[in-house]
Amino acid sequence: MKIKFSKMQGAGNDFVVIDSTKEQFSLSPENIRFLADRHFGVGADQVLVIEKTELPDVDFKYRIFNHDGGEVEQCGNGARCFARYVHNKGLTNKKKIKVETVKEIIEPELLDDGSVRVMMNTPSFRPSDLPFNPKGLPEREINGEKQWAVSFQGKLWWFSISSIGNPHVTIQVENLDETPIKELGSFIENHPAFPARVNVGFLQIQDPHHGKFAVWERGAGQTLACGTGNCAAAATAIKNEAMESPVALENLGGTLTLEWEGEGMNIYLRGPAEMVFDSEIEI
């Protein structure tokens with residue numbers, strides 16, 4: 001069968017976007033892996049699917065599939081591309097929409113400067129929301145906030161946990177260039193303390209409002225950006241009093257801006273969302 005799709009990117013996080021509002025989505029994990037493959041398919045960090053929703057006062061349903069074919073809960077850069085897609089394709093004329101995800105309702109908004117701002121989930125720091133089982137891991141408190149550590153290459157790496165609808169670890173580092181992002185990211189993603197695996201973010205703070213960020217995404221590997229990872233890192237740093245809102249984080253693929261007023265509040269993510277091309281492929 002032939003699949004029509006759009007290739008999009010947000011801060012270098014790239015996506016295959018499929019409109020399934022008129023017919024049922026039926027691709028298998030194997031089909032997803034083929035589409036996401038950069039050598040034999042289209043190439044993407046995630047495949048995004050647009051479906052109709054049955055929820056009242058909600059505009060669309062949004063599904064996300066990682067490079068490995070597994071469905072996941074949330075993707076902030078994808079949410080911005082989702083909003084750009086449905087507007088550009090005439091599926092809605094609203095600049096602000098409500099979108100159903102696996103766990104939450106998110107609200108992307110197209111701004112006049114061409115960027116997209118998304119009201120994401122309320123950050124949670126409860127281990128059960130990831131899930132996370134810290135049994136046997138070293139722990140400490142920083143400014144009253146608990147951190148844990150894993151031993152890797154003869155060194156303890158301290159991290160904070162959070163959920164933005166999907167699970168995250170944030171590690172504050174002195175220098176991203178000297179951090180074994182791929183090796184350590186893969187090690188923590190698959191650590192038995194995280195039964196559903198986990199996304200791993202590395203944050204280098206430059207000043208209270210600026211930092212650099214790198215990410216190892218669950219099921220996708222190292223990517224140029226991760227919207228929810230940026231949200232997790234910013235919320236963690238603000239909660240630990242190491243940064244102040246708004247926070248601008250420089251990713252390999254571009255800069256994302258986060259706004260968060262504190263616990264119990266939604267976090268906002270702002271950044272680019274661009275169409276690359278439209279095409280079709282036979283599966």
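Colleague: Where is the place of P246?

Modeller: P246 is in the loop between α4 and β16 (247-251); such helices (H or I, at least four residues) and strands (E, at least two) are DSSP runs, numbered from the N terminus. This is a predicted model, in which local features need pLDDT of at least 70 and side-chain atom pairs count only at pLDDT 80 or more, while totals for chains, interfaces and linings use all residues. Residues are numbered from 1 along each chain as its sequence is written, and side-chain values use heavy atoms, with hydrogens and water left out.

Colleague: Is the peptide bond from S245 to P246 cis or trans?

Modeller: Most peptide bonds are trans, and most residues other than glycine have a negative phi. The bond from S245 to P246 is cis, with omega near 0°. Another cis bond joins L130 and P131, where omega is about 0°, and P131 belongs to the loop between β8 and β9.

Colleague: How is β3 joined to β4?

Modeller: Two strands pair if DSSP finds at least two bridges between them. β3 and β4 run antiparallel and are joined by six bridges; V49 stands opposite R63 in β4. β4 also pairs with strand β6 (residues 99-100), in the parallel sense, over two bridges, and there K61 has E100 as its bridge partner. Two bridges join β4 to strand β5 (residues 71-72), and these strands run antiparallel. β4 and β5 form a hairpin with four residues between them, and G69 in the turn has a positive phi of about 95°. Because six of its seven residues are buried, β4 is largely enclosed by the rest of the structure.

Colleague: Which residues of helix α1 are buried?

Modeller: An α-helix has 3.6 residues a turn, so residues three or four places apart point the same way. In α1 (residues 29-36), the buried residues are N31, I32, L35 and A36. They lie on the same side of α1 because they cover an arc of only 130° around the axis, taken from the directions from the helix axis to the C-beta atoms. The elements that cover them include β2 (13-19), β3 (46-51), β4 (60-66) and β19 (274-282), where contact means heavy atoms within 4.5 Å.

Colleague: Which residues touch the most other members of the largest nonpolar core?

Modeller: Nonpolar side chains tend to be buried together in soluble globular proteins. A nonpolar core is a set of buried Ala, Val, Leu, Ile, Met, Phe, Trp, Tyr and Cys residues joined through side-chain atoms within 4.5 Å. The largest core here has 47 residues, and Y62, F82 and L249 touch the most other members. Helix α4 (residues 227-239) gives the most to this core, with seven residues. A second, separate core of 23 residues includes V169, V173, I181 and V198.

Colleague: How many aromatic pairs does the structure hold?

Modeller: Rings of Phe, Tyr and Trp (its six-membered ring) pair if their centres lie within 6.5 Å; planes under 30 degrees apart count as stacked, over 60 as edge-to-face and the rest as tilted. The structure holds 10 such pairs. The rings of F125 and W260 have centres 6.1 Å apart and planes at 50°, so this pair is tilted. F125 and W260 are 135 residues apart, and their pair links distant parts of the chain. Both F125 and W260 are buried. For F132 and F159, the centres are 5.9 Å apart and the planes stand at 70°, so the pair is edge-to-face. F132, W148, F159 and F194 form one aromatic cluster.

Methods:
Buried means under 20% relative accessible area, exposed over 50%, partly exposed in between (1.4 Å probe, protein chains only).
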